[in-house]
Amino acid sequence: MANKFLQALLDAPMTELPVLMRAQQADAARVQREVLLDIVHTAQDTEFGRAHGFADVRTVEDFRERVSETAWADYAQDAERLQEGAEDVLFPGRASAFIGTSGTTGKAKYIPDSAVGEAVKAEVVRLRMAEMVRNFPTLLQPDSRVFSISNSAVGRVTSAGIPVGTASGQAAGASDARLLSLPVAVLRSPRMDSALMDYLTVLYNLAQPGVVTLACNNVAQFAEVFTLMNEQAESFISDIEHGTFSCAFANEDLKAELEQDWKPNPERAAELRRLLAEKGQLAIEDVWPHFALVGCWTSGSVGRSIEESRHIFPAGVKFFDFGYGASEGKFNVPFQPDDPYGYPAVFGIYFEFKPLHGGNPVSLEEAEPGVDYELLITTYSGLYRYNIHDIVRLRTAPDGSKALAFVAKSSDRTSIGGMTLYAHELTELVESYERANGAFLRVFQGFEEDGALRVEAEPDPTRLFDATGFEAVLREGLAARGVTLARFVQLPEGARDRLFLHKGASGGNTKQTKIPVFPKVDPAQPAA
């Protein structure tokens with residue numbers, strides 16, 4: 001690897017990263033060309049590289065001529081071989097790690113990472129933290145801590161001894177351990193039960209009065225943890241007071257390691273017990289008086305959890321997008337609060353943008369702001385022109401460079417009367433009604449019905465909702481997209497929660513659940 005752009009970031013202290021990143025963005029077209037050629041030349045002696053003539057690639061056009069758009073099916077067999085320790089298949093050497101994901105199909109995929117690919121992801125995490133620090137300097141105070149919610153970084157190892165983890169755990173593991181309330185040993189522990197992770201997450205953060213920031217993918221994750229914190233408040237306080245663990249450990253080695261540093265803290269326990277007695281609950285502003293920032297996803301359907309959970313947080317708290325990414329990579333670096341757009345990670349990923357409604361993929365330089373695209377990526381971890389099946393948009397940042405944001409999964413769509421309707425198009429109609437009327441829909445979904453679209457939604461019972469007015473907005477907005485509204489069905493209170501419970505009963509993690517806007521199965525239709 002001869003990637004001077006990545007190396008410059010790796011060598012720089014965190015305080016210099018924002019300036020370096022912006023300099024790269026200002027010259028993004030050149031950076032992207034050089035990064036692509038370095039990825040290709042690094043892999044020229046691999047099986048994939050030899051099969052596609054990487055040694056003869058000199059330009060972006062050469063690369064595009066040799067490699068067509070790809071999908072996971074093009075890599076599945078090679079990924080299995082890499083799990084068994086095969087080398088020089090998609091990238092030089094053997095895989096350094098795998099990231100497990102169920103994807104949108106529910107079938108498990110194990111995405112391979114190379115050492116350089118992992119370094120790119122870790123640097124994106126560091127850049128995101130640098131931007132948070134630039135916006136919120138209190139993060140640098142000696143006693144400041146980050147309340148981080150994630151899965152375990154390591155789930156198992158392959159037959160060749162290569163670790164398999166999760167994207168959120170990998171991100172947390174790449175964060176500055178000095179800022180995290182949760183011990184790194186917890187994040188790196190294999191076979192971590194989700195209930196144990198939740199308990200330890202609450203316990204360690206309650207013990208830290210200096211928590212100033214929450215870091216999680218979905219604010220709904222914290223809402224569940226916040227409920228646990230109050231439902232079992234006395235148990236947590238007792239553990240803090242006596243230096244004990246009132247939770248079951250499947251891994252006794254982890255328990256023994258944690259016990260070395262987990263000491264009784266009767267003063268903190270007394271303070272928490274006083275707050276609980278006075279207020280009747282443990283509120284964020286009392287438990288962590290300097291809490292000021294939430295790092296989470298703010299775009300797509302997951303971002304809607306912010307509005308529903310905002311009442312949990314103190315007034316004035318800022319929401320900073322945690323960054324757009326997936327198991328295959330981390331793609332952007334947000335740079336200001338309450339904004340999902342961020343600088344694309346031009347230093348370590350080559351980006352292409354396929355127009356959603358037809359046309360050939362274009363480069364970052366050629367992509368137009370405000371247009372819907374499917375994202376294609378080429379990475380150091382052996383994905384080449386890989387369609388991530390995400391819909392993204394670009395816009396022009398204040399400094400004139402381009403910023404990138406996730407919009408929706410391209411697979412979340414339906415066909416009505418020959419017209420394709422995507423999830424974000426229905427979401428934008430819903431949100432236009434919400435903004436104009438102060439309403440909020442806890443869940444909404446669309447189903448084909450006799451060549452038209454039936455929309456079902458559960459309104460928030462604490463806010464005003466006019467079903468007739470909402471139906472009129474839907475009818476007009478859908479007609480403008482060439483789709484007829486069949487009817488609107490108002491769902492009873494609790495419908496969204498039942499969808500979550502169904503996912504959990506099916507083996508899913510409710511904290512990671514993304515309820516589709518257009519489900520593949522219509523509950524109103526009899527099972528086949």
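**View A. The Glu352–Arg385 salt bridge in the predicted model.** Glu352 and Arg385 are both buried (under 20% relative accessible area, with exposed meaning over 50% and partly exposed in between; 1.4 Å probe, protein chains only). Their side chains form a salt bridge at 2.8 Å, N to O, the criterion being a side-chain nitrogen of Lys or Arg within 4 Å of a carboxyl oxygen of Asp or Glu. Because Glu352 belongs to strand 13 and Arg385 to the loop between strand 15 and strand 16 (386-396), the pair ties together parts 33 residues apart in sequence. Helices (H or I, at least four residues) and strands (E, at least two) are DSSP runs, numbered from the N terminus. This is a predicted model, in which local features need pLDDT of at least 70 and side-chain atom pairs count only at pLDDT 80 or more, while totals for chains, interfaces and linings use all residues. Residues are numbered from 1 along each chain as its sequence is written, and side-chain values use heavy atoms, with hydrogens and water left out.

**View B. The Glu328–Lys109 salt bridge.** The side chains of Glu328 and Lys109 meet at 3.8 Å, N to O. Glu328 lies in the loop between strand 9 (325-326) and strand 10 (329-330), whereas Lys109 lies in strand 2 (residues 109-113), 219 residues apart. Both Glu328 and Lys109 are buried.

View C. The side chains of Arg274 and Glu278 form a salt bridge at 2.9 Å, N to O. About one helical turn separates the two, because they stand four residues apart in helix 14 (residues 266-279). Arg274 is partly exposed at 37% relative accessibility, and Glu278 is exposed at 51%.
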